[in-house]
Amino acid sequence: MHATKTLAEADRLMTVCNSCRYCEGLCAVFPAMEMRRSFSDGDLAYLANLCHNCGACYYDCQFSPPHEFNVNVPAVLAKTQHQSYAHYAWPSAFAGVFARNGLFIALATALSVAAFLAGFVAWHDPATLFGTHVGPGAFYRLLPHNMMVLLFGGAFLYAIVAIGFGIRSFWRDIGEPTATLRDPTAIGSAIRDAARLRYLDGGGAGCMNENAKPTDTRRIYHHLTFYGFLLCFASTSTATLYHYLLGLQAPYSWWDLPVLLGTVGGIGLVIGPIGLLAAKWRRDPAVLDETRYGMDVAFILMLLLTSFTGLALLALRATPAMGILLALHLGVVFALFITMPYGKFVHGIYRFAALVRYAKEHRALGTAASGPPN
Amino acid sequence: MIDLSRRYDVLVIGGGNAALCAAISARREGASVLVLEAASEFWRGGNTRHTRNMRCAHDSATASLTGPYTEDEFFEDLLRVTGGVTDEELARFMIRESKDVLGWIEAQGVRWQPSLGGTLSLGRTNSFFLGGGRAMLNALYRTAERLGVEVRYLSEVVDLEIENGMFLSATVGREVPVRVTARALVAAAGGFESNIAWLRQYWGAAADNFLIRGTPNNRGTILKILLEHGAQKVGDPTQCHAVAIDARAPKYDGGIITRLDCVPFGIVVNRNAQRFYDEGEDIWPKRYAIWGRLVAAQPDQIAYVIFDASSLRLFMPSLFPPIEALTIPELATKLGLDAEALRRTVETFNAAVQPGTFNHKILDDCRTAELDPPKSHWARRIETAPFYAYPVRPGITFTYLGTRVNREARIIMSDGRPAKNMFAAGEIMAGNVLGRGYAAGIGMTIGSVFGRVAGREAARNARN
């Protein structure tokens, strides 16, 4: 028996797929499925989080609807994956936010931006707020550096702790020993698979977005988004080192590493999310889980807002607009951090964990089973 | 919009592997090509949707094939499965061409994958389509459309106008018939396995109990018209690729997932709870294709594979779970069999099992003694509860009755003369090389090789 109807449907599909196995060359989901005969809720959560929703198996399947066997693996695994985020959310009281995630993220962002704006207005007289600040420490005249570190360090730490608890429940549920998370070969292999988005390529032809014709655009836009995000993160990290190790205060010149990293990353984080949004817009509704549309779009928009406000701040930092833009940017980033455990961000974490387990399982796999001819 | 009033160089009837290979190769020869597919876009491609691999000869290992498979070895395999019922010249021609087809198919956008799990040790001989037959088909359609082949769905051809071995026109659609003309015809519309009434002519009432593993569209309409217009018949009408599949499968289109690979692990009994054939005669990849006919010969065309808990996980899972019971009589009751008869059959079998070392990967020494029919390998006592059963029926994949063709895939008329402008490829002419029996993946070889040849020759024919 399964906890939800979606899990029961995922079980039915995996039983069908396990009897067919034509898709085993497309990605990691099917080989992982083949290692099993029956599918517990934990197994299904694992398989669902391995799925990159490339869509290839839907268009390749002779049993996809309108066939009476009604096999739609991408949509059902997307739904299963979505439910797993709620199921493993910590604290569990927050599980409900995944049901109306678009609304939740929008409210959290609005509140956070409003709080920063209100704070800036309350603490500073208009002359400071709308003044032109240049030279070292310009930003900190509006928000002291220590305060910034406290707020953002705290939010980030909270996100890490909350996501950590989620992963712990996931890992227990799928029945994998903790030792696997310390297996360097499995970790290395998962890093390679994640870094290349190895399984977002329909087995080599490219993922399928609007129809059965393979394209690679989602992979490209996801790379731009992901690496853009990493570069922005690297920008913040190097700025922190500049501050504490070199005693150099922001804002930095355009040729300084934090600005270079942030600019390049920010541009990636503008183009990538726009491309992903456009791809989602055009996507064949058949392979989508409509219940997670809000969550997916909210996360993409959050990333877009982060990069957009960041780049705007960079462009106008020496003008009177800086104060308001800083409040906006910080508000968005704070909301991004604090909602990380309760939105689409977690897909990367669970996916990575699933890839680690898959790497270990795959290596352990010995002989191939005998099976069906035509 | 597709202009049906225009006279095409080549008309292809059908929409599967053979049809698309013909369409692509005719188009690459410069011909204008129209494909008429009876099914809708989703259901296009007939039985190709359910395929997974094709058997092509090759001289060395490749990225997706584990070793060489020579022309001679391929031919020997064909001789073995058909018992020699094949046209040697045509078969050798097909096998020679299959070498080149391996690369040609890839050039049409089809991707290969190494044989992984789920296959019957075919990694050396058979090339597997990445994503299966429908993925292969989608690639062929994309290529055909890119090249300018016109494809019309829901366009069943209901009649052909043929005069003295010369194709003139085809009638499309039943309600509002439209006449389509072309300079040459490629018939690639499949066998007649979905036409139960036609099967009944040869099998009698037994045909009503057959399950059809693939498309319901292969009613043999085109085959019948061609034969009526003087195309020479080839093949035994009762011969087909038939395997034993789960009796609970849908009447049509259940595909691969209703297949059962458990026969060598148990015993198979008929409606009277009696065994009727050696379940352990040879390794399963060499025997799976005979069980459809064996079951077809049993009363009511039904049989039951009986095994116990020790074998449950030794074979590939399938769609339906086995029927389970704690005792053999209870199992018999659940299956609607005579409990006492099944108990006796199992007891007699168990008593005949000789000591041996069980190994399902080789022809082991677990056999019965003084039992008729014997079980030559993998014979183990059925004694560990729970006991399991799968009901099985004949699952027909495709029929072998067809039109005779020559090396140009040109249809031969009953007077022995080649047709002027008619070609055939795929199941509709499979009987030329496949008189009986089956070797995994050979249906696709027939389709691709003769499809490619038929398209090329039809295009040349149209030019002259």
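First, the ground rules. This is a predicted model: local features need pLDDT of at least 70, side-chain atom pairs count only at pLDDT 80 or more, and totals for chains, interfaces and linings use all residues. Residues are numbered from 1 along each chain as its sequence is written, while chains are lettered from A and ligands numbered from 1 in the order in which they are written.

Let's start with the cores. A nonpolar core is a set of buried Ala, Val, Leu, Ile, Met, Phe, Trp, Tyr and Cys residues joined through C-beta atoms within 7 Å. Buried means 20 or more other C-beta atoms within 10 Å of a residue's own; 12 or fewer is exposed, in between is partly exposed, and C-beta atoms are placed from the backbone. The largest nonpolar core has 151 residues. V10(B) and A22(B) have the most contacts inside it. Helix 11 of chain B, residues 442–463, gives this core its largest share, ten residues. Helices are DSSP runs of H or I, at least four residues; strands are runs of E, at least two; both are numbered from the N terminus. Another core lies apart from it, with 105 residues, including L26(A) and F69(A).

Now the domains of chain A. Domain 1 covers 5–87 and domain 2 covers 92–355. Such bounds come from an automatic or database domain assignment. The two C-alpha centres lie 29 Å apart. Which residues touch? In chain A, 27 residues of domain 1 are in contact with 26 residues of domain 2. Contact means C-beta atoms, placed from the backbone, within 7 Å. On the domain 1 side, helix 5 of chain A gives the most, nine residues.

Next, the backbone. Most residues other than glycine have a negative phi, and most peptide bonds are trans. Here are some exceptions. A cis peptide bond joins P65(A) and P66(A), with omega about 15°. P66(A) sits in the loop between helix 4 (56–60) and helix 5 (73–87) of chain A. N70(A) is in the loop between helix 4 and helix 5 of chain A, and its phi is near 50°. Is N70(A) buried or partly exposed? Partly exposed, because it has 14 C-beta neighbours inside 10 Å.

Over to chain B. Q301(B) has a positive phi of about 55°. Q301(B) counts as buried because it has 23 C-beta neighbours inside 10 Å.

Conventions
Two residues are in contact if their C-beta atoms, placed from the backbone, lie within 7 Å.
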